[in-house]
Amino acid sequence: MAQNTPNPTNDPIVAQPLLDLRQAPLPGLVGYTAVYYHWADALAPFTVAGGQVVGNLVSQAGYQWQQLPLSQNTIKLTETPKESRHGTTYQVKLQGERTQAPPAVLNAVATMARRPVVALVRQADGQLRMVGSVEEPLRLLAGGQGQHPGVRAGLDLLFTGLATALAPFYPGALLVGGLDAAAPVSAVHTTVRVLDGHGALRLVVPAGYDLVVEGPFRTDLRIQAR
């Protein structure tokens, strides 16, 4: 008996969804300006969707985020992908320097080295990246500077860990020492689409611009910088 094979030309074509790669031109290099840390076992689990943390991070009672004072222009975050039979993992390294460390800092660093942590890293544009998680925390390795006389005295701090995804952004609330340290809303590049009555796209207004409606008998749309 002859077998009936489906005709591929009759199958409905499913359109592949477009990936959102829109991004406003960057005015300059984006570096890192600050690091905040939290004990991993004192932070509630959180969910990541669409490249960012969903909702606000929640600390257990008596715990809070603290800033790790580091020397300017020394913060570096690298996430190196590694392929295995279980998929892709990322070797995470968060580095920074603390020059002229007093005895209290040495004691605090020794305490941090004995307990897993998670970190929030602030980019130069104000946005925050979540490095590590409750399930995939970071470990601190500290070493002394001064391998030769030309190097200033201090500490080299290195947080390491393994992650199953790149560090997501965190747009939620953040209190550090009782002060609001959340990422500014303006740091997120958004756009507004303007459609006419027939549903046709008339204009795309980027963040930081105003939409001007001109008339009165004919409607003209114009954008201008704030």
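Trainee: Where does Q100 lie?

Mentor: In this predicted model, Q100 lies in the loop between β6 (87–99) and α1 (103–112).

Trainee: What makes the phi of Q100 worth a remark?

Mentor: Most residues other than glycine have a negative phi. Q100 is not a glycine, yet its phi is positive, about 50°.

Trainee: Why is Q100 called exposed?

Mentor: The relative accessible area of Q100 is 57%. Exposed means over 50%. Therefore Q100 counts as exposed.

Trainee: Which phi does N73 have, and where is its place?

Mentor: N73 has a positive phi of about 60° and is not a glycine either. Its place is in the loop between β4 (66–67) and β5 (76–84).

Trainee: How do you know whether N73 is buried or exposed?

Mentor: Set the value against the cut-offs. Buried means under 20%, exposed over 50%. N73 has a relative accessible area of 77%, so N73 is exposed.

Trainee: What makes β5 and β6 a pair?

Mentor: Two strands pair if there are at least two bridges between them. Nine bridges join β5 to β6, so the two strands pair. They run antiparallel. One of the bridges links E83 to T88 in β6. The two strands also form a hairpin, with two residues between them.

Trainee: How do you know that β9 and β10 pair?

Mentor: The test is at least two bridges. Six bridges join β9 to β10, so they pair. This pair runs antiparallel. Within it, A142 has L157 of β10 as its bridge partner.

Trainee: In what order do the four strands stand in the open sheet?

Mentor: The order is β5-β6-β10-β9, with antiparallel pairing.

Trainee: Why are β5 and β9 said to stand at the edges?

Mentor: β5 and β9 (139–144) each have a single partner strand, so one side of each is left without a neighbour in the sheet. On average, neighbouring strands of this sheet are turned by 20° against each other, direction ignored.

Trainee: Which strands does α1 lie across?

Mentor: α1 lies across β6, β9 and β10. It runs at about 15° to β10.

Trainee: What makes a set of residues a nonpolar core?

Mentor: The residues must be buried and nonpolar, with side-chain atoms within 4.5 Å joining them. The largest such core here has 22 residues. Among those with the most contacts inside it are V35, L94, M112 and F159.

Trainee: Which elements give two or more residues to this core?

Mentor: They are β1 (32–39), β6, α1, β7 (117–123) and β10 (154–163). The largest share, four residues, comes from β10.

Trainee: What is F159 in contact with, leaving aside its neighbours within four places in sequence?

Mentor: Contact means heavy atoms within 4.5 Å. The partners of F159 include L68, V92, L94, M112, V117 and L138. K93 and R139 are also among them.

Trainee: Which residues does the second, separate core include?

Mentor: That core has 17 residues, including A34, Y36, F46 and L57.

Trainee: What volume does the second largest pocket have, and how many residues line it?

Mentor: Its volume is about 360 Å³. The lining has 23 residues. V48, A165, L166, A167 and P168 lie nearest the centre of the pocket.

Trainee: Which elements give two or more residues to that lining?

Mentor: They are β8 (128–131) and β10. The largest share of the lining, three residues, comes from β10.

Notes: Residues are numbered from 1 along each chain as its sequence is written. This is a predicted model: local features need pLDDT of at least 70, side-chain atom pairs count only at pLDDT 80 or more; totals for chains, interfaces and linings use all residues. Side-chain values use heavy atoms; hydrogens and water are left out. Buried means under 20% relative accessible area, exposed over 50%, partly exposed in between (1.4 Å probe, protein chains only). Axes are lines fitted to C-alpha atoms, for helices over the stretch in contact, and angles run from 0 to 180 degrees between N-to-C directions. On a 1 Å grid over the protein atoms alone, a cavity is a set of points where a 1.4 Å probe fits but cannot get out, and a pocket is an open set with protein on both sides within 12 Å along at least five of seven lines; lining residues have an atom within 4 Å of a point. Grid points are joined across faces, edges and corners, and a volume is the space filled by probe spheres set on the points.
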